[in-house]
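Please look over this model with me. My notes follow as numbered points, one topic each.

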Amino acid sequence: MRQDRGVSTHPMAEVPDALFPDADSEARWRDRFTAARVSLPRWAHDAPDRNLYLSNSSGVWEVYAWDRATGTRRQATDRPNGTSYAAIGPDGEHIWWFADSDGDEFGTWVREPFAGRPADEEPTAAVPGSAPGYPAGIEIGRTVSAVGVSNDDGTSVFVARAGAPAEVVYHDEHDGGVAALSRDETLLAIGHSEHGDNRHPALRVLSLADGRAVAEKWDGKGKGLDAIGFSPVEGDQRLLVLHERRGREELLIWDIATDTETEIALDLPGEVTADWYPDGSAVVVMHTHEARNTLHRYHIASRLLTTLDTPNGTIAAAAVRPDGTVEYAWSNAARPPVVRAQYRDGTERVLLEPPGHRAPPSVELTDVFVPLAGVGQVHALYARPADAPDGPLPTVFTLHGGPHSADEDRFSAYRAVWLDAGFAVVHVNYRGSTGYGSAWRDAIEGRPGLTELADVAAVHTWAVEKGLADPARCVVNGASWGGYLALLALGTQPSLWAAGVAGVPVADYLAAYADEMEPLRAFDRALFGGSPDDVPDRYVECSPITYVDQVSAPVLVVAGENDPRCPIRQIDNYLDRLTARNAAYEVYRYDAGHGSLVVAETIKQTAIEVHFARRALGLT
């Protein structure tokens, strides 16, 4: 056993040499993380053989260029903490990516030729004249490019034309960003929250000829609008938009030229998003219902909806090639991710086969709908180890981040290692999760954290009564918002949890608000109904540090030194309070931001977390 040494005076987490005594089991869980993965490729509109994608095949998530015509692939970026934001211009001549420092998400866009640059040359500034900040959208045209930048002064949208220095076409103190650029590069759609609520944005379309607003759309309080994209056809000014006028995410087409709209009413439960077919006659619809996805083709003129034959599971992304081929990234809980191509005749093949070994499979997830008085049904997903004996098991309740996200029937190397270690795993799509309608998503407004935990408690009760979970050996675990919920659960529900694992959490909400990036402050103001100056009692009531003296279970906290979302100072405040109580806790700090794009670092953190939980529950 070794122990990491750092600058912190807090007790440091143990880093195990191995999680399993036998070599095969140890290799299996690590192989799931080290297996190369690829994202859905994005291609240049005018040169569709030129593509980019993200992959971890080097051991770090980086940007890759892929020329379909020649089959050539190359790694475009090579940065210590990885690269996660990238784009390609319509002519395919350049690859763009966002260059931050050590995962802090603050930086600028740079670019290099698609074919690469000399080893002794640095990438060039993509939009000279723009300012550094947090990324707030990007659109690249043939002669016009637009980038959104967020910082403490608010949101600015910079537009560069034909290589000239960028100029500001929009600035506001509220959160917003670039949403869509028309194919003829005359119109730019932006999302904004000038009404004070970035959780339910409005849309504005600017003329790039003079910067004036030519169209506005806002559906009112509590109803957001998101621009998906303009029609890919030259001269077509139709904009595909997500709305929630009937309490769930649906589609409409907004014709900017006539300022008219057509809602797309689909006979599908759940929520949808979409993207255009290349000729603008149809959209490919990705439908989300009860933690799984299906794909459909909607023909606009005939209003005909056709279902595409895809396997049961989760589709992370989908897009339509110029020849009508639908490419999509798919996985389910048992089978690792793959990028597939479905041709117009319905046949399919694997599109991208990453190098190296394939990830070992895992086990299926099972659904349960737990009734909660006055709320409805809470959807949860759970799994038992394949070789588990009958009877209650040590159980980890893994709570997703966001909060506006959801756990799905997708492959997770992280879930799989807990199952390998003998734990049952439970996911809870608590109030605040997406995919269950606007009311469910927004139910946490005014009382975040505590609302979600009422749902988690109901699922905990179900798991114990069903005989799945051993009530004396339940672990609450999560990262980001899930880490926040884990700390809050340990203090407000101490009788339910034998241990807690909190990755990159909000621990002290008042300090977090003071230090976090401005877009998240705007999110918090919308979520709480104001800033800490406006509603201080709400922030205090919903902050884990308020309940730190009630924490009785051992706690592991994992924190990024450069995290702009859940900054380190507020975590140290919480840890200092644990120290003052002589509480049982450990901490692991790493030199990156809100999570890591480095595979070895992810493996290390996972091993630390599982090992900590086993020790806390007396399983080692």
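1. Start with aspartate 102. Aspartate 102 sits in the loop between strand S8 (94–100) and strand S9 (107–113). Helices (H or I, at least four residues) and strands (E, at least two) are DSSP runs, numbered from the N terminus. The phi of aspartate 102 is positive, about 55 degrees, although it is not a glycine. Most residues other than glycine have a negative phi, and most peptide bonds are trans. Aspartate 102 counts as partly exposed, at 41% relative accessibility. Buried means under 20% relative accessible area, exposed over 50%, and partly exposed in between (1.4 Å probe, protein chains only).

2. A word on the source. This is a predicted model, in which local features need pLDDT of at least 70 and side-chain atom pairs count only at pLDDT 80 or more, while totals for chains, interfaces and linings use all residues. Residues are numbered from 1 along each chain as its sequence is written, and side-chain values use heavy atoms, with hydrogens and water left out.

3. Next, glutamate 185. Its phi is also positive, about 65 degrees, although glutamate 185 is not a glycine. Glutamate 185 lies in the loop between strand S15 (176–181) and S16. Is glutamate 185 buried or exposed? At 10% relative accessibility, glutamate 185 counts as buried.

4. Now serine 193. This residue is in the loop between strand S16 (187–192) and strand S17 (202–207). Serine 193 is buried, with a relative accessible area of 2%. What does the side chain of serine 193 reach? The side chain of serine 193 reaches the backbone oxygen of aspartate 175 at 2.6 Å. Setting aside neighbours within four places in sequence, serine 193 is in contact (heavy atoms within 4.5 Å) with His174, Asp175 and Asn198.

5. Check the cis bond. The peptide bond from glycine 402 to proline 403 is cis, with omega near 5 degrees. Proline 403 is placed in the loop between strand S33 (393–399) and helix H2 (413–420).

6. On to H2. Six of the eight residues of H2 are buried, so this helix is largely enclosed by the rest of the structure. The buried residues are Ala413, Arg415, Ala416, Val417, Trp418 and Leu419. They pack against several elements, including helix H1 (23–34), strand S32 (376–383), S33 and helix H10 (599–616). Glycine 422 follows H2, and its phi is positive, near 95 degrees.

7. Then the cores. A nonpolar core is a set of buried Ala, Val, Leu, Ile, Met, Phe, Trp, Tyr and Cys residues joined through side-chain atoms within 4.5 Å. Of the 63 residues in the largest nonpolar core, which touch the most other members? Val459 and Trp497 do. Helix H5 (residues 481–492) gives the most to this core, with eight residues. Not counting residues up to four places away in sequence, tryptophan 497 touches several residues, among them Phe397, Val456, Cys474, Leu490 and Ala553. A second, separate core of 38 residues includes Val15, Val396, Ala421 and Ala498.

8. Last, a sheet. Four strands form an open sheet in the order S3-S4-S5-S6, with antiparallel pairing. Strand S3 (42–43) and strand S6 (72–75) stand at the edges with a single partner strand each, so one side of each is left without a neighbour in the sheet. Two strands pair if DSSP finds at least two bridges between them. Four bridges join strand S5 (residues 62–67) to S6, and the two run antiparallel. Tryptophan 66 has arginine 73 in S6 as its bridge partner.

Note on methods: Polar contact = N/O pair within 3.5 Å; in protein donor to acceptor, adjacent residues only side chain to side chain.
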